[in-house]
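Work through the exercises below with the sequence and the model side by side. Try each task before you read its solution.

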Amino acid sequence: MEQVFVSASQEALILTVLVSGPPILAALVIGLVLAIVQALTQIQEQTLSMAAKILAVFGVLYLAGYWMASHIHRFTYVIFSEFPRWIH
């Protein structure tokens with residue numbers, strides 16, 4: 001019984017990393033590119049990089065949102081459908 005909960009927790013953590021990866025990577029890449037551009041041009045404007053990161057994250061969420069939601073939906077369906085069997 002304990003193995004079932006450990007397995008579900010492990011799958012939840014893997015799903016969290018998988019789903020949160022694309023927006024975080026988009027913000028990382030945009031932030032790195034803008035930091036290099038700002039260092040080369042000596043522009044020290046913080047709102048420029050923050051606005052670009054926010055737009056990149058929203059863009060990734062718009063493009064990959066269905067994929068992310070389908071993974072979360074599948075996991076949630078499995079958890080709720082198997083839960084009654086786990087507690088008996």
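**Exercise 1. Which residues make the nonpolar surface patch of about 400 Å²?**

Solution. 
- Step 1. Met1, Phe5, Phe83 and Ile87 make the patch. Patch members have over 30% relative accessible area and no salt bridge; like charges are joined within 9 Å, and nonpolar side chains (Val, Leu, Ile, Met, Phe, Trp, Tyr) within 5 Å.
- Step 2. Areas come from the Shrake-Rupley method with a 1.4 Å probe, and for residues only the protein chains shown count as cover.
- Step 3. Helices (H or I, at least four residues) and strands (E, at least two) are DSSP runs, numbered from the N terminus.
- Step 4. Phe83 has a relative accessible area of 40%, so it is partly exposed. The scale runs as follows: buried is under 20%, exposed is over 50%, and partly exposed is in between (1.4 Å probe, protein chains only).

A note on the model: it is predicted, local features need pLDDT of at least 70, side-chain atom pairs count only at pLDDT 80 or more, and totals for chains, interfaces and linings use all residues. Residues are numbered from 1 along each chain as its sequence is written, and side-chain values use heavy atoms, with hydrogens and water left out.

**Exercise 2. Describe the overall fold: how many helices and strands does the protein have?**

Solution. 
- Step 1. There are two helices and zero strands.
- Step 2. The radius of gyration is 19 Å, well over the 12 Å that the globule rule gives for 88 residues, so the protein is more spread out than a compact globule. This radius is taken over C-alpha atoms, and the rule is 2.2 Å times the number of residues to the power 0.38.
- Step 3. Now take the spans of the C-alpha trace along its principal axes: about 65 × 25 × 15 Å.
- Step 4. Of the 88 residues, 19% count as buried. The accessible surface comes to about 6800 Å², and 74% of that belongs to carbon and sulfur atoms.
- Step 5. Look at contacts (heavy atoms within 4.5 Å). Among those between residues at least 6 apart in sequence, 71% join residues at least 24 apart.

**Exercise 3. Find the aromatic pair: which two residues form it, and at what angle between the planes?**

Solution. 
- Step 1. Apply the rule. Rings of Phe, Tyr and Trp (its six-membered ring) pair if their centres lie within 6.5 Å; planes under 30 degrees apart are stacked, over 60 edge-to-face, and the rest tilted.
- Step 2. The count comes to one aromatic pair. Phe5 and Trp86 form it, edge-to-face, with 5.7 Å centre to centre and 75° between the planes.
- Step 3. The pair links distant parts of the chain: Phe5 is in helix H1 (residues 2–41), Trp86 is in helix H2, and they are 81 residues apart.
- Step 4. Phe5 is partly exposed at 36% relative accessibility. Trp86 is buried at 11%.

**Exercise 4. Locate the salt bridges: how many does a search of the whole structure find?**

Solution. 
- Step 1. The search finds two. A salt bridge is a side-chain nitrogen of Lys or Arg within 4 Å of a carboxyl oxygen of Asp or Glu.
- Step 2. Glu11 bridges to Arg74, with the closest N and O atoms 3.5 Å apart. Glu11 lies in H1 and Arg74 in H2, so this pair ties together parts that are 63 residues apart in sequence.
- Step 3. Glu11 is partly exposed at 31%. Arg74 is partly exposed too, at 40%.
- Step 4. Glu82 bridges to Arg85, and here the closest N and O atoms are 2.7 Å apart. Both residues lie in H2, three residues apart, about one turn of the helix.
- Step 5. Glu82 is partly exposed at 26%, whereas Arg85 is exposed at 60%.

**Exercise 5. Is serine 49 buried or exposed?**

Solution. 
- Step 1. Ser49 is in helix H2.
- Step 2. Its relative accessible area is 11%, so Ser49 is buried.
- Step 3. Leave aside neighbours within four places in sequence: Ser49 is then in contact with Leu34 and Gln38.

**Exercise 6. What is the phi of glutamine 42, and where does the residue sit?**

Solution. 
- Step 1. Gln42 is in the loop between H1 and H2.
- Step 2. Its phi is positive, about 60°, although Gln42 is not a glycine. Most residues other than glycine have a negative phi.
- Step 3. Gln42 counts as exposed, at 68% relative accessibility.
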